[in-house]
Amino acid sequence: EIDGMYWGTLFVHNHKLYILGNAAAMSHIVLLESEDKGKTWSKPTDENHGLLFRDGGSKQAPRYHGAPTPVVFHNGRIYRAFENNEDNTLKGMRGYRTFVISAPISSNLMEAKNWIKSNELSFSGAWDRPGSYPTTGWIEGNAVVAPDGSIKNILRVNSTPFYDRGAMVHIQNDGQSATFNPRTDFLNLPGAQSKFQIKFDSVSNLYWMMTNNNTNLKIANQRNVLSLYVSRDLTDWHHAKTLMEDNQNFSEEKSIEKTGFQYPDFIFDEEQILYLSRTAYGEEVPRQHDSNYITFGRVKNFRNY
């Protein structure tokens, strides 16, 4: 039982298990640690015990948002992406501002003084494609080390009625600076209307992504297909394998409405990928977003794809 953790990412460091996320929805950014492999956990009582960044209180900004996106270790620092719902009067994702937090891996990660937050970047409606809903914005950033050794924050862009639109934010100066150029930094990213997961495999020297790719060209928010993609450079992505798809003989519209193999997370385990899907499946599910299963999957000899 993990009390006081929401949107958390598990990772191991110095033989301890940690989970980094939010104390609750739109709340503090907190870090919990366990010394008994997850049986018991610390409490984020103050800035010396895992309370890293406080929210604004009384539902005021900053209202911190996240997802279980990757924790990345690089050049002696640890990174993870979050967002701040700075303006919740705006519709959809429009009021979310993106940033990353980071700390030296040699420091006491439970002390807030060792963590920094980059500047926050807002999404501008001026970047919308003609015909976009006024809900366009970015959330659920994925920290990753680019081929040139720099840190990128690759974000899902909620771009209804369009899909496959991602954004690459550049993180510099050991996590202090975040920059984005709308003329060059939007990506054609399969499945970027929903949360995805990107990780680098040092054996194949390739990036692997698990995502909900669109097979229906008319419905942007499709999650009834889960696929594995691969890239050399984080910009050109190639479909490697379809992992899950609906088999309930629903109409296409009903399947997209009811079925979701979504919010994937995965790890490399020697010659295989192990993954989990937050799954909505069956007649009783109110909508594809509201899962009633967690599904475990295995991709054997994934590098063959």
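In this predicted model, Glu86 pairs up with Arg97 in a salt bridge, with the closest N and O atoms 4.0 Å apart. Glu86 sits in the loop between β7 (77-85) and β8 (96-104), while Arg97 belongs to strand β8 itself, so the bridge ties together parts that are 11 residues apart in sequence. Glu86 is partly exposed, at 34% relative accessible area, and Arg97 is partly exposed too, at 25%; both values fall between the 20% and 50% cut-offs.

Across the model, the count of salt bridges comes to 15. One of them joins Arg303 to Glu271, with 3.3 Å from N to O. Here Arg303 comes from the segment after β22 and Glu271 from the loop between β20 and β21, so this contact ties together parts that are 32 residues apart in sequence. Arg303 is partly exposed, with a relative accessible area of 23%, and Glu271 is also partly exposed, at 47%. Another bridge links Lys113 with Glu111, their closest N and O atoms being 3.6 Å apart. Lys113 is exposed, with 70% relative accessible area, which puts this lysine over the 50% cut-off.

The largest pocket holds about 1400 Å³ of space. Its lining takes in 47 residues, and the closest to the pocket centre are Pro68, Thr69, Gln197, Pro264 and Asp265.

Ile294 is exposed, with a relative accessible area of 68%. Together with Leu276 and Phe296, Ile294 makes a nonpolar surface patch of about 340 Å².

Finally, a look at a loop residue. Asn205 is found in the loop between β16 and β17 (206-211). With a relative accessible area of 52%, Asn205 counts as exposed, since the cut-off for that label is over 50%. Asn205 and Leu31 are 174 residues apart in sequence, and their C-alpha atoms are 30 Å apart in space.

Note on methods: Residues are numbered from 1 along each chain as its sequence is written. This is a predicted model: local features need pLDDT of at least 70, side-chain atom pairs count only at pLDDT 80 or more; totals for chains, interfaces and linings use all residues. Side-chain values use heavy atoms; hydrogens and water are left out. Patches are made of residues with over 30% relative accessible area and no salt bridge: like charges are joined within 9 Å, nonpolar side chains (Val, Leu, Ile, Met, Phe, Trp, Tyr) within 5 Å. Accessible areas come from the Shrake-Rupley method with a 1.4 Å probe; for residues, only the protein chains shown count as cover. A salt bridge is a side-chain nitrogen of Lys or Arg within 4 Å of a carboxyl oxygen of Asp or Glu. Buried means under 20% relative accessible area, exposed over 50%, partly exposed in between (1.4 Å probe, protein chains only). On a 1 Å grid over the protein atoms alone, a cavity is a set of points where a 1.4 Å probe fits but cannot get out, and a pocket is an open set with protein on both sides within 12 Å along at least five of seven lines; lining residues have an atom within 4 Å of a point. Grid points are joined across faces, edges and corners, and a volume is the space filled by probe spheres set on the points. Helices (H or I, at least four residues) and strands (E, at least two) are DSSP runs, numbered from the N terminus.
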